[in-house]
Amino acid sequence: MPSDSKMIWMDGELIPWEKAQIHVMTHTLHYGLSFFEGIRLYKTKNGPSIFRLKAHIDRFYNSAHIAKVKIPFSKEQLTEGIKATVRANDFEECYIRPLCHLGVGNRGLNNIGAPVHVSIIVWPWGPYLGEEGLKKGIRTKISSYTRHHVNVSLTKAKIAGNYVNSQLAKREVVELGFDEAILLDPQGYVAEGTGENIFIVRNGYLKTPPLGAVLEGVTRDSVMVLARDLGVRLVEEVFPRDELYIADEAFFTGTAAEVTPIREVDLRQIGEGKPGPVTCKIQDAYFQAVRGEDDQYETWLSPI
């Protein structure tokens, strides 16, 4: 338990961290249907601000719609709940996790009628793949596990149960000494990381897999906007693992991972084995945007 996180928003009420508990017969605990978001609060020149809050809230409600779950709070109530939780914990920078789960209801798979609960948790969280990884790049490996087929697990919903696949892939590569896994889609093309979207740079182009089996990352979208504004040529296109091997640069994007360079894949050095010029340019632009240092992206920030 992060000792400096004090309060959690649970079903509209701020309660002490240690009292935010659920029953062992909670439907989600048994069958895995819940959904969540990952959002970050950053220090900016205008005070602490949440990065792309509306986009995250919209995706949260899209996940609910896909899962046929009715969230018992409006978008406006959830937005205010997030801000209230951050203020209650007195953070200037933190990670924000809205979570919707199904409570005690039917004991079988049928979740119709199960009560719907919403929580908001915040805690301090540095670079997900490490400060050194953010600066120097990380070592990755193609996982033996395949990313979800679009009609097996609905890939546009950020459903917690989908992340069992990610956990298996992550543990597999970490136990082999790597920092992160890269998963291929059911057709054998590069899909994404365990919790990140992926980009490569090759022959002057920035390339990322199209939105087929991959999650619609908010950071992915932000990076695509930044790249175009920087004049970087960008395509959404499938590519195989061996094209990743011969890329000039590669990097992950995600709320937790931010913009993390990839220096190695499957024991093969990527480019010069360090963050390349395009990666560094996009990474710099991203951190300027999230910290309010570029007024062009002011609308992406929500002061608390």
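Student: Which backbone oxygen does the side chain of Asn162 reach?
Tutor: That of Leu154, at 3.5 Å. A polar contact here is a pair of N or O atoms within 3.5 Å; within protein, one must be able to donate a hydrogen and the other to accept it, and residues adjacent in sequence count only if both atoms are side-chain atoms. One caution: this is a predicted model, where local features need pLDDT of at least 70, side-chain atom pairs count only at pLDDT 80 or more, and totals for chains, interfaces and linings use all residues. Residues are numbered from 1 along each chain as its sequence is written, and side-chain values use heavy atoms, with hydrogens and water left out.

Student: Where is Asn162 in the fold?
Tutor: Asn162 is in the loop between strand 8 (138-146) and helix 5 (163-174). Helices (H or I, at least four residues) and strands (E, at least two) are DSSP runs, numbered from the N terminus.

Student: Is Asn162 buried or exposed?
Tutor: Buried, because its relative accessible area is 12%. The cut-offs: buried is under 20% relative accessible area, exposed is over 50%, partly exposed is in between (1.4 Å probe, protein chains only).

Student: What is Asn162 in contact with, leaving aside neighbours within four places in sequence?
Tutor: His148, Ser153, Leu154 and Ala157. Contact means heavy atoms within 4.5 Å.

Student: New topic. What volume does the largest pocket have?
Tutor: About 770 Å³. A pocket is found on a 1 Å grid over the protein atoms alone: it is an open set of points where a 1.4 Å probe fits, with protein on both sides within 12 Å along at least five of seven lines, and lining residues have an atom within 4 Å of a point. Grid points are joined across faces, edges and corners, and the volume is the space filled by probe spheres set on the points.

Student: How many residues line the largest pocket, and which lie nearest its centre?
Tutor: The lining has 36 residues; Phe36, Lys158, Tyr163, Thr194 and Gly195 lie nearest the centre. Helix 5 gives the largest share of the lining, four residues.

Student: On to aromatics. How many aromatic pairs are there?
Tutor: The count is 13. Rings of Phe, Tyr and Trp (its six-membered ring) pair if their centres lie within 6.5 Å; planes under 30 degrees apart are stacked, over 60 edge-to-face, the rest tilted. Phe51 and Trp300 are edge-to-face, at 5.6 Å centre to centre and 85° between the planes. Phe51 is in strand 5 (residues 49-51) and Trp300 is in the loop between helix 8 (277-290) and strand 17 (301-303), 249 residues apart. Both Phe51 and Trp300 are buried.

Student: Why is the pair of Trp123 and Trp125 tilted?
Tutor: The planes of Trp123 and Trp125 are at 45°, so the pair is tilted; the ring centres are 5.5 Å apart. Trp123 is buried, at 16%. Trp125 is partly exposed, at 32%.

Student: Which ring does the charged end of Arg233 sit over?
Tutor: The ring of Tyr205, 4.3 Å from its centre. The rule: NZ of Lys or CZ of Arg is within 6 Å of the ring centre and within 35 degrees of the ring normal. Arg268 lies over the face of Tyr245, at 4.1 Å from the ring centre.

Student: Last one. What does the side chain of Arg241 make a polar contact with?
Tutor: The side chain of Asp266, at 3.1 Å. Arg241 lies in helix 7 (residues 241-245) and is partly exposed, at 33% relative accessibility.
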